[in-house]
Amino acid sequence: MKRVILLCTVLMITACSSQKEQQSVTVYVSEDQVFSEPILKDFEKETGIKVNALYDTEESKSTGVMNRLIAEKNNPRADVYWANEPVRAEVLRQKGILIPYLSPNAKGIPEVFIQKAHYWTGFSARVRLLLVGEGVKHKPDSILAYTAKAYKDRAVIANPLFGTTTTHIAALFTLWGDTKVKTFLEALKQNGTAISTSNGESADFVAKGRYAFALVDSDDAVSRVHQKKPVSIVYPDQKKGEPGVFVVPNAVMMIKGAPNPKAAQKLIDYLLSRETEQKLAFADCAQIPLHSGVKMPQDIKPIDQIKVMQVDYEQVAQKLVEIQPYLKSWLEQ
Amino acid sequence: MKERTLFGGVVAFLFVVGALPLLMMLFGSLYDNGRFTLTAYKVLFTNTALLESLKNSFLLALTVATASTSVGIGLGILLGKSDLRFAKFFTLMLVIPLVIPPYILAFSWADLFGEWFFGFWGVVFVLFTVYLPIAILVTMLYLRQIDPHLEEAALQMSSWKKVLWLVTLPLIRPAIVFAFLLVFILAFGEFSVANFLRYPVFSTQSFVYFSAFYDFRAATAAALPIVAVVAMVFWMQRFLAETKMHFIPASLMQKIRLLKWRLPLFLFVLLIVMLFVITPLSMLVFKTNSMESFLEAGEKALDPLGRSLLFAMLGATLLSVFGFLSAYIIHKRLFRWYRWLDGSILLLFALPASLFGIALILFWNRPYTNFIYATPLILLIGYLGKYLALTTKITETKLVQIPQNLMDAAALSGASWYHTLWYIILPLSKEVLLVGWVVGFIFSLRENTMTMLLYPPGSDTLPVYIFTQMANGKASLIAALCLIMITATLLPLLFLWLYNTARRRDA
């Protein structure tokens, strides 16, 4: 019995002791593990710095680790946060959880994707696209198609309380103003638009022919095309006078009070490199590089060939918090 | 050291591990910026989506509990009281869905049936297969309590059919009630299957309120009806099913001779095993479809699996030790308020894991407790709080069987309470401690919801790794990871079965 107790004690100490002899960095990640883990493994191999990662899940609507960072504000455990959209970065900045860091590798990334005081930097972006079923005769080319009679009861959109759909709607609020967006959302509802639980589910519904089109993230759209589903991709609102495509870059940032600041800077530099952007472009998520001239697959358009929605992500983040009660009540009506 | 001092320390430790974080969270939900307020609780009466999900949860739990108990009692009698061929093997097979993470089964069934499986009936079906073994095992356990003379006397006058209906079933009524209530509670608090199959239930709300909105006050408020349901169910169970367990050896039980029904019933049970166990597992093998997927999964799973096994072993050891100590306190009624200990342990078991996880974050996330919060110790504390009820109840079944005169004789010979515990009770409980360890190991290994909230960076476990891979991961890789997870879960069960078989052979 004494031996068993001794063995258990040794095991427990081993399990709970931290490996202090090796340089390490702790990163919280909202990007899907299946895409982010290979990048972090490559960083480990190339630098010898051990990465302790904590990944988000779909079930927490990809905000679980952000909320853990908020919970740990007075007791920071993370060095770096890899967010899958800049609005989460803005929320953290406004709560005083970040410190500024301008990476040399941020050079070449358009200014709109870099926070003015360098609290976060965007890289490898998703864009919000229309995924349209192959059998649809008149393909929609604007998000206003959600309110068109031709698509009554034939369109689907992900729950606007969560994820990139919320961010997209908040961006529209900053661009169009409250009245116009509320009118749009009411008309969208009146037109019998279905609400799905996620962008992935919306994409599946369109792929199965249940709905004519859906507004989804580019990774959801490209993956259905790769799976040879009967769908096509439309970059919406590209004409003159139209707002353009909403771009959702990843964002990387350093945590205030990070236990390993030097290793954190190295990881941020690595994530913002052109090589990382190329890897994410050729991964299944098919993310669009923000550096120009980075090699990328042919089924996605380079950022400089897309009309991009011009928004201030700081304002979008503020608006996002402001519109939550409205969106909740809109959903429950 | 005095007996009451030592065990008082144990109770104090368990209070800090389990009850205190929950009480602090409840307290915190009543205050906003230092002012007492009930605003967080308004959500219970004003949010229609929440009320709708509450209705869904009730309906789901009721349907699953009714189906599992009805079928489980029949199968329990067949497997535990008849001369059915391969009954032990079938029992072991039917336990498999209970010990593997439920979302793996949901993943497998959804792959087989496709889109129409998503929704209420899909969740009911998966949870029915998961919780059916509970009703079977509880029935089999209670059947071993029936005095064989009662059935023997009844059989002089009547057939087995009538004896079952008029004698056996009324005698195992506590089993029926207990199984129904236990399945009801577990189905009511279940999170992963309903979430995967996109059926809105109440337990997902507390997770979403914390994870998506970081509103722990609303999360606590949203979980309050679950606490109320759990408390009500245990209160009912106390009156309906409180019986002392005294088992008779299996060899003395009155066995039903199936005669001409032996083959049809054998085929019937075989069909159930094929449908509920073999089919979902085969689907995973089919989905894996290549050796490369297995190799890739093996490589990716190596680190998380190693951590999972280590944490589960340590968790199981803690659960066995504290399960034994708690069972001793409750059995010997060392303190006047032993029922509170019993109730708290059961409440923690029945509470949604997400809620307990949130409470642990709020309680331990402080610079001076980083040695717990920032290390896997937080997971071990979570496993201990959540699953202590299992090892406590398992140990209690043995303690009630140890004759009091053994203890009296030891006391008369001058043995202290410590010597009696160490040299009499502990050796006699060795086997039940092993069973408790295996149960603790399996439940710690398969735990997912709480681990997802609590694991320190770089310490993810295999169930968490599989869950995160489910977002955009390759289906063949996920299936292979699920098979690795199932193998890791079933191995200790297999060892226990082999150990028991060898022991019986020696006896």
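Is Cys482(B) buried or exposed? At 0% relative accessibility, Cys482(B) comes out as buried (under 20% relative accessible area, with exposed over 50% and partly exposed in between, using a 1.4 Å probe and protein chains only). Cys285(A) is buried too, again with a relative accessible area of 0%. As for disulfides (pairs of cysteine sulfur atoms within 2.5 Å), the count over all chains is zero.

A word on the model: it is predicted, so local features need pLDDT of at least 70 and side-chain atom pairs count only at pLDDT 80 or more, while totals for chains, interfaces and linings use all residues. Residues are numbered from 1 along each chain as its sequence is written, chains are lettered from A and ligands numbered from 1 in the order written, and side-chain values use heavy atoms, leaving out hydrogens and water.

Beyond four places in sequence, Tyr131(B) has contacts (heavy atoms within 4.5 Å) with Val64(B), Ser68(B), Leu98(B), Val183(B), Leu186(B), Ala187(B) and Glu190(B).

Thr129(B) sits in helix 6 of chain B (residues 120-143) and is buried, at 2% relative accessible area. A polar atom of the Thr129(B) side chain lies 2.7 Å from the backbone oxygen of Val126(B). Setting aside residues up to four places away in sequence, Thr129(B) touches Pro97(B), Leu105(B) and Phe276(B).

Methods
Helix = DSSP H or I, 4+ residues; strand = E, 2+ residues; numbered from the N terminus. Polar contact = N/O pair within 3.5 Å; in protein donor to acceptor, adjacent residues only side chain to side chain.
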